[in-house]
Structures are given as structure tokens and as C-alpha cells.
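This report is written for a reader who has the sequence and the three-dimensional structure at hand. Please look over both before reading on.

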Amino acid sequence: MRLDVLDRVNVTREGARLMKGYQSGRVVEIRTNLPSQGFTRGDRGVVTGIEGDRVRLAMHAGGEKLFRPDALAKNLRHDAVSIYQVKQVELHIGDRIRWTDSDRKRGLNNADLARVEKAGNGGLVVSSLADGTVHQLKPGDRMLEQLDLAYAINVHVAQGVTTDHGILALRSTERKLLNERSFLVALTRVADKVALIVDDGRKVERGVLRNPGDKTSALEVIDKAAVGRAAPSSAERGSEPPAEAVTQRTDVPERYLERGAHRVAARAVDHVIDNVINRTPDRQPDFGL
């Protein structure tokens with residue numbers, strides 16, 4: 001069964017106020033009432049063009065409307081709009097899928113996993129991987145657009161998921177994604193056997209050890225600067241200790257010792273593909289997958 005689904009474009013609430021996210025062909029869904037612009041929650045339209053500071057939308061219900069992103073309030077606690085890119089997926093019986101939005105009445109929650117039981121012109125029948133509940137989605141059902149294949153998911157989606165075997169892909173260049181919290185969440189989702197695929201084992205290891213992943217407040221940053229612990233320069237961040245120093249280092253942060261963890265040299269870890277020969281680094285964003 002082939003379906004056109006809505007793939008969410010990752011933009012912040014401030015990013016939703018900028019024009020660059022509203023490319024032709026993308027779908028814009030209004031998530032809150034905007035009476036000053038003539039939109040109500042649930043309205044949806046396809047971007048057909050840009051007119052100055054306005055986006056022209058071909059509305060799902062018919063007709064066209066102009067939408068001003070920069071007129072969105074700055075102090076909202078939730079998303080005012082969602083932006084999607086339409087893509088096609090092909091589903092087969094037995095495929096694992098995940099929901100990309102929620103339908104609270106039916107218990108279909110964003111990021112929950114399900115398995116395809118039947119697929120065809122009559123719609124889709126899926127069973128929840130959490131409790132086995134069976135749901136039938138007939139043609140025209142909104143949730144037929146709010147799903148995606150779930151063979152690869154990011155760490156945030158993986159929270160609460162348990163699987164027997166898994167593959168964890170880490171890239172040393174994604175420094176903000178390499179932190180202790182995310183790494184431990186990813187590892188503990190796999191009950192039996194996990195394989196690590198990395199571009200550089202030592203750099204990935206250092207990235208995880210150096211960044212606990214805790215949120216830092218503005219006051220904490222100011223306090224660190226006041227006592228002379230300013231952030232390192234770009235030149236300092238780019239420098240790396242010699243390989244011998246990394247190999248001989250055996251210290252383990254106290255936070256790991258408290259969990260009963262022990263340090264294993266990167267070269268001794270099974271299933272680590274390190275320094276792949278003749279491989280050109282992929283600079284495309286991988287969104288933490």
C-alpha cells in the first residue's frame with residue numbers, strides 16, 4: 001500500500017515566524033486559533049507562493065488565503081503552526097510504523113509504535129506494539145497521513161521503547177547530539193545485543209564523556225564566566241590530545257562509577273566500525289539517527 005504522508009519539518013517556534021520554512025509545496029497546519037489572520041485551529045493549506053511578507057496557501061477546504069508568519073505571537077507555549085513536507089511511503093504486512101501525531105480519543109500517541117496487519121484499498125489495519133490494541137484506518141482517516149516507517153528512529157523517539165537487538169549509529173561531528181544522557185537512553189533501549197556504528201570511536205567516546213547532557217541556565221553560564229571558566233575557543237575545541245594519551249587514559253567520571261559502569265577502551269569494543277577505509281564523510285544532517 002502506497003501512502004502520501006506528512007513529514008514534519010523541524011523548525012522552532014521562532015523559526016515558524018521566518019519565511020525560509022515556507023517552501024512551495026509544503027503543507028501548513030494551523031495549531032491554534034489566529035482570528036486576526038482569519039484562521040482557526042485545524043485549518044490546513046499548501047504553500048503556492050510568497051507575496052512579500054505573506055505566504056499564499058491553497059486551503060484544504062477550498063479557496064486561497066494569505067498567511068503572515070511574522071505576525072505569530074512570540075510568547076506562545078505551544079506551536080502555532082506545523083510545517084510538513086509531503087512524502088510517499090510503501091507499507092507491507094508486518095512493517096513497523098510510528099505515529100507522527102496524536103489522536104487522543106483512539107489512544108494513538110505521537111512516537112508510539114505499531115505493526116501493519118493488513119494493507120490495501122480498504123485502508124490500513126495496525127496493532128499497537130505496546131498493548132496489542134488493533135486499529136482500523138479507513139480511506140480519508142487523518143492518521144493515514146500521520147505515520148512513518150519505524151525501522152530507524154532517533155533517541156528521543158526511542159524513549160520508552162524496548163527491543164531485543166538494535167544498532168546505534170553515532171557520528172563524531174554531531175557534537176551537540178553526543179552526550180551522556182542520550183547515549184545511555186539509546187543503550188538501555190536494547191535488552192540483549194547492541195551494535196555501535198561510528199565514524200571515529202575515540203572522538204565519539206570523548207564527546208560522550210565530556211558532555212553530560214544537562215540543561216544549563218543563563219545564570220549558570222554567567223557564574224562560570226565570572227570565575228574564569230569561559231568556554232574554550234574554536235582553536236582549543238579543534239585540538240585533540242595525542243592518540244597515546246587517549247589510549248592510556250583510564251579515568252572514569254564519578255557519575256559512571258555510581259552506576260557501576262567501567263571503562264572499556266574504544267578499540268576493545270566489539271562491533272565498532274572505526275575509521276572506515278575510503279569512506280567520504282556524509283555532511284548531510286542525520287537528525288540524530
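## Overall composition

The structure is a predicted model. The protein has 289 residues, of which 31% count as buried. Its secondary structure comprises 7 helices and 13 strands.

When contacts with a separation of 6 or more are considered, 63% of them are accounted for by residues 24 or more positions apart.

## The open sheet

Six strands make up an open sheet, and their order across it is S1-S6-S2-S3-S4-S5. The pairing in this sheet is antiparallel. Strand S1 (2-8) and strand S5 (64-67) are the edge strands, each of which pairs on one side only. From one strand to the next, the twist averages 40°.

One pair within this order can be followed in detail. Strand S3 (residues 44-51) and strand S4 (residues 54-59) run antiparallel and are joined by 6 bridges. Across this pair, Glu-51 stands opposite Arg-54 in S4.

## The nonpolar cores

In general, nonpolar side chains of soluble globular proteins tend to be buried together. In this model, the largest nonpolar core contains 16 residues. Those with the most contacts inside this core are Tyr-22, Val-28, Phe-39, Leu-57, Phe-67, Leu-72 and Val-81. Strand S2 (27-30), S4 and strand S6 (81-90) are the elements that give two or more residues to the core. The greatest contribution comes from S4, with 3 residues.

With neighbours within four places in sequence left aside, Val-81 is in contact with Ala-16, Tyr-22, Val-28, Glu-29, Ile-30, Arg-31, Phe-67 and Leu-72.

Is Arg-44 buried or exposed? Arg-44 is found in strand S3, and its relative accessible area is 15%. Buried means under 20% relative accessible area, so Arg-44 counts as buried. The side chain of Arg-44 is joined to that of Glu-145 by a polar contact of 2.6 Å. Beyond its neighbours within four places in sequence, Arg-44 has contacts that include Leu-6, Val-27, Val-28, Ala-58, Met-59, Arg-142, Glu-145 and Gln-146.

Lys-203 is found in helix H3 (residues 201-210). Its relative accessible area is 33%. Lys-203 and Arg-175 are 28 residues apart in sequence, and their C-alpha atoms are 9.5 Å apart in space.

## An enclosed strand

Why is strand S9 (residues 123-128) described as largely enclosed by the rest of the structure? Of its 6 residues, 6 are buried, so the rest of the structure largely encloses the strand. In a regular strand, the side chains alternate between the two faces of the sheet. For S9, both faces are covered: one side has the buried residues Gly-123, Val-125 and Ser-127, while the other has the buried residues Leu-124, Val-126 and Ser-128.

Strand S9 pairs with S8 (residues 113-120) in the antiparallel sense over 6 bridges. The two strands form a hairpin with 2 residues between them, and Val-116 stands opposite Val-126 in S9. S9 is also joined to strand S10 (residues 134-137) by 4 bridges, and these strands run antiparallel. Ser-127 has Val-134 as its bridge partner in S10. The hairpin of S9 and S10 has 5 residues between the strands, and in this hairpin Gly-132 takes a positive phi near 80°.

## Confidence in the model

The protein averages a pLDDT of 81, and 77% of the residues score at least 70. Confidence is highest in S4, at 96, and lowest in helix H6 (residues 243-248), at a mean of 44. Over residues 243-250 the pLDDT is below 50, and this stretch has 10 contacts in the model beyond near neighbours in sequence.

Residues 266-287 also have a pLDDT under 50; for them the model has 35 contacts beyond four places in sequence. Where pLDDT is low, the predicted coordinates should not be read in detail.

How values were computed. Residues are numbered from 1 along each chain as its sequence is written. Side-chain values use heavy atoms; hydrogens and water are left out. Buried means under 20% relative accessible area, exposed over 50%, partly exposed in between (1.4 Å probe, protein chains only). Two strands pair if DSSP finds at least two bridges between them. Axes are lines fitted to C-alpha atoms, for helices over the stretch in contact, and angles run from 0 to 180 degrees between N-to-C directions. A polar contact is a pair of N or O atoms within 3.5 Å; within protein, one must be able to donate a hydrogen and the other to accept it, and residues adjacent in sequence count only if both atoms are side-chain atoms. Contact means heavy atoms within 4.5 Å. pLDDT is the predictor's confidence in each residue, from 0 to 100. A nonpolar core is a set of buried Ala, Val, Leu, Ile, Met, Phe, Trp, Tyr and Cys residues joined through side-chain atoms within 4.5 Å.
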